Amino acid sequence: MVRRLILAIFTVIAISILSFLIIHLPPGDYVTTYIAEQAASGGTVSEQEAQNLRIQYGLDQPVYVQYAKWMGLIARGNFGMAMEYQLPVAQVIGDRLWLTVAVSTAALIFTWIVALPIGIYSAVRQHSILDYVFTFIGFIGLAIPNFLLALLVLYFGFKYFNANIGGLFKPEFADAPWSWAKLQDLLGHMPIPAIVLGMAATAAQIRIMRANLLDEKRKPYVVSARVRGLPEYRVILKYPVRVALNPFASTIGYTLPYIVSGSVIVSIVLSLPTVGPLLFKALIALDMFLAGTIILLLGVLTVVGTLLSDLLLMWLDPRIRLEG
Amino acid sequence: MRVDEPLAAPGSLDPEAATITEAEERVSVAPQWQLMWWRFRKHKLALVSTALVILFYLVVAFADFLAYADPLASEAQRSLIAPQAVHLFDDGRLSPYVEGLVGTRDSLTFKRVYVVDPSVKVPLTFLPQGFAYKLFGVIPMDRHLIGVTGEGNTTENALFILGTDDQGRDQWSRLMYATQVSLLIGLVSVAMSLFLGVFVGGLSGYIGGTTDTVIQRVIEILRSIPTIPLWMGLAASVPRDWDIVRVFFVMTLIFSLFSWTELARVVRGRFLSLRHEDFVTAAELVGCSQFRIVFRHLVPSFLSHIIAATTLALPAIIIFETSLSFLGLGMRPPGLSWGVMLQAASNVQTAAVSPWLLLPAVPVTVAILAFNFLGDGLRDAADPYGV
């Protein structure tokens, strides 16, 4: 556990450095952009003013000092200004961060709820027609990039139901304060993004669960349970499934980053009010403070999510607890 | 050791026994590549996928020849023409043609629109002269696989197998070039990924100790963060005014960052399992240099595994490239790729009226599936001694 915590801390540091690099990657800095903006709107910025601005933002100092300053600001909850919106980054991101968490969690839950029973079924009834059907669907799920799946869902929704499937809220709730009705609206909109986002991960998880269970099913302890006359569902569910669950569950560490990554792209296509479209716009406008902050927050959230799910697994499975 | 056909119990009096022992004999003396081929052959999907992959790379090599129109020649009047059906037989004779288009004016919007005129038959010709290009970048040519003859390049007398996009560019020709770019990006990126993976993974596995621990932790960290936003950020900071060739190379670099960790893991695992084998110790004792041991003795012994892992890494890169280009952060117009083409369908209203804009989704999906199956088959074949 301690090892995992340390690794998580290192991961967060790595993410912060990477996001900081992303912020500083484009040629020029905030002030050059500011000057260009002022020039575009007719104003001028004198050399002296530019110099003052650079000192004010600490842009005249070496990169590592700037990084330390940035980290200091972030530790105090100050993420800087989003240039394009002329608002603090925290305010621009607002609810979007939590909606990202909600969508990713929904996708993860979908993945598990669907992959687990299908994986078990496919292993128990290997070579049955349904097994082949699921395998086929699984391959399709792996082969269609999720932005394409989102696009196809939008297309078919528009063409055959004449409905715009995108978004997470009805227009009347989009800017409304949180209420019971808004929450219900959100839940009603959740399945499609969750399915689109969870599809590829589900396909992968089904394959893992199926392979694990097939391996376990052939082991002698299963035969001995069967010989003792246990009902078939108990033979399967009580022993091999529980063993097969372990490697299945430990893949969550890679599933969550995968889903969060995908959520950025799917959100843009389905126009979900998550940080995805915001990041995209920020990147196009080279609003690197906003973009860097979003990348940082997404990374940190993923690390926290993975850590939480690790804790959950430890609580569920004594073997992981003992492994430390 | 079952490799090809199941073997009968030894000593049976079956009349086929003689041929079976012959098969057994064949297996026991077969060289490794032969065993691999026998194993690979059993994976039918992998065989089909091999054919598909070869087909795809033929398109890559001959994109100019297969296209029949300039992929960038736009013509506002021809926008969003539906795909033309190709009729193979005319009056019971093999003489392929498409039905001609005739321009009218929409009575409502007064826009010029083209409708199919079944009475006009535009015959297809084999190997006609078209726009000039250089095959493989060197051989000047102007012949194309198919096309229509006739004077001028009028819309009434033109071919649009897959329709046109919103700027009136021929989708089929664009698709050929997009396939070329997307698969080349995949190939180059995966090659760079492989280099990075073999280098880092090899270092990690061969040196071991602290180096190994540090490298492994770094890989673990990279695998536990959502990397797409990160590489998106990197891709977005590529200056907008760069030309296509430069964008292509920078993008392949970025895409190659995407999958090297998995390759490094595979290589390291192989290094670790082979490092203490007798033949390595022997080479060390004979006085081979480290370089020679790695590249002459270790790498060839797990080359097949690496080839399999590399093939399996390709689909991820294709998905990544297509996604990024679709968003406008990867390859950008006038550059072409599957993602750039699908961008035309990103507006649902447009896609609903002109569903053929979604057609590039087919090669994307087929390519990903084919590389997946091929990789699966290669992975099985890489270790022909297992069950």
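What share of the contacts in chain A with a separation of 6 or more is accounted for by residues 24 or more positions apart? The figure comes to 71%, where a contact is a pair of residues whose C-beta atoms, placed from the backbone, lie within 7 Å. This is a predicted model, in which local features need pLDDT of at least 70, side-chain atom pairs count only at pLDDT 80 or more, and totals for chains, interfaces and linings use all residues. Residues are numbered from 1 along each chain as its sequence is written, while chains are lettered from A and ligands numbered from 1 in the order in which they are written.

Chain A has 18 helices and two strands; these are DSSP runs numbered from the N terminus, with helices (H or I) of at least four residues and strands (E) of at least two.

Now for the cores, each a set of buried Ala, Val, Leu, Ile, Met, Phe, Trp, Tyr and Cys residues joined through C-beta atoms within 7 Å. The largest holds 148 residues, and the ones touching the most other members are Ala150(A), Leu279(A), Ala291(A), Ile294(A) and Ile317(B). Helix α10 of chain B (residues 290-327) supplies the largest share of this core, with 14 residues. Beyond its neighbours within four places in sequence, Ile294(A) contacts Ile93(A), Val275(A), Leu278(A), Leu279(A) and Ala282(A), plus Pro229(B). There is also a second, separate core of five residues, among them Tyr114(B) and Phe160(B).

Where the two chains meet, chain A puts in 41 residues and chain B 34. On the chain A side, the elements giving two or more residues include α1 (2-24), α8 (146-160) and α17 (288-316). That side splits into 34 nonpolar, six polar and one charged, with Ala, Val, Leu, Ile, Met, Phe, Trp, Tyr, Cys and Pro taken as nonpolar, Asp, Glu, Lys and Arg as charged, and the others, Gly among them, as polar.

Helix α7 (residues 129-143) of chain A also meets helix α11 (residues 191-217) of chain A. On the α7(A) side the contact involves Phe134(A), Gly138(A), Gly141(A) and Leu142(A), and the α11(A) residues they meet include Met199(A), Ala203(A) and Arg207(A). Seven nonpolar, three polar and one charged residue make up this contact.

How values were computed:
A residue is buried if 20 or more other C-beta atoms lie within 10 Å of its own, exposed if 12 or fewer, and partly exposed in between; C-beta atoms are placed from the backbone. Axes are lines fitted to C-alpha atoms, for helices over the stretch in contact, and angles run from 0 to 180 degrees between N-to-C directions.
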